[in-house]
Amino acid sequence: MLISCSFIKMAQVNPHSECVEYLDELASVIGRLDDKTRKLLVENTKLRRNNEELKTQNEELTSEIVEDLKSDIEDLKSDIEDLESENQELKKQLAEFKEKIMQLNFVLKIMGHPQD
């Protein structure tokens with residue numbers, strides 16, 4: 001902008017200069033470029049803020065997801081332990097039933113009943 005101001009001052013000193021129209025046009029173009037630059041800077045600032053907000057949200061969501069997954073894993077581990085315990089109990093019951101069936105078959109054999 002300093003260059004355009006010095007040209008304008010020079011043109012004011014010598015108003016019959018051939019470059020007065022050119023300088024007016026140049027000053028106008030520089031003004032429009034300054035406006036566009038300001039608008040771009042404002043937009044850039046908005047985008048940077050938005051980007052920072054999105055980064056923060058992403059970090060928060062990632063933390064929440066990680067915590068939820070950890071909790072789910074702990075719940076699943078507990079469920080697995082419960083199922084393993086139940087499985088062991090069912091195996092024990094099955095073994096007891098097999099033993100009782102063998103005993104009943106033995107008793108039936110002694111009593112002379114045919115076994116299937």
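Which side chain meets lysine 77 in a salt bridge? I looked it up in this predicted model. The partner is glutamate 74, at 3.8 Å from N to O.

Entry: I checked where the two sit. Both are in helix α2, three residues apart, so about one helical turn separates them. Next I looked at their cover. Lysine 77 has a relative accessible area of 45%, so I noted lysine 77 as partly exposed. Glutamate 74 stands at 47%, which also counts as partly exposed.

**Entry: how many in total.** I counted the salt bridges. The structure holds four. I followed up two others.

**Entry: aspartate 35.** I found aspartate 35 in a salt bridge with arginine 38. Their closest N and O atoms are 2.7 Å apart. Both residues lie in helix α2, with a spacing of three residues, about one turn. Aspartate 35 is partly exposed at 38% relative accessibility. Arginine 38 is partly exposed too, at 47%.

**Entry: glutamate 67.** I saw that glutamate 67 pairs with lysine 70 in a salt bridge of 4.0 Å, N to O. They are three residues apart in helix α2, so about one helical turn lies between them. Glutamate 67 has a relative accessible area of 48%, and I logged glutamate 67 as partly exposed.

**Entry: negative charge.** I then turned to the surface. A patch of negative charge gathers there, including Glu59, Glu60, Asp68, Asp79 and Glu86. Asp82 is also one of its members. I placed aspartate 82 in helix α2, which covers residues 20–111.

Conventions:
Residues are numbered from 1 along each chain as its sequence is written. This is a predicted model: local features need pLDDT of at least 70, side-chain atom pairs count only at pLDDT 80 or more; totals for chains, interfaces and linings use all residues. Side-chain values use heavy atoms; hydrogens and water are left out. Patches are made of residues with over 30% relative accessible area and no salt bridge: like charges are joined within 9 Å, nonpolar side chains (Val, Leu, Ile, Met, Phe, Trp, Tyr) within 5 Å. Accessible areas come from the Shrake-Rupley method with a 1.4 Å probe; for residues, only the protein chains shown count as cover. Lys and Arg count as positive and Asp and Glu as negative; His and the chain ends are not counted. The place of a charge is taken as NZ of Lys, CZ of Arg, CG of Asp or CD of Glu. Helices (H or I, at least four residues) and strands (E, at least two) are DSSP runs, numbered from the N terminus. Buried means under 20% relative accessible area, exposed over 50%, partly exposed in between (1.4 Å probe, protein chains only).
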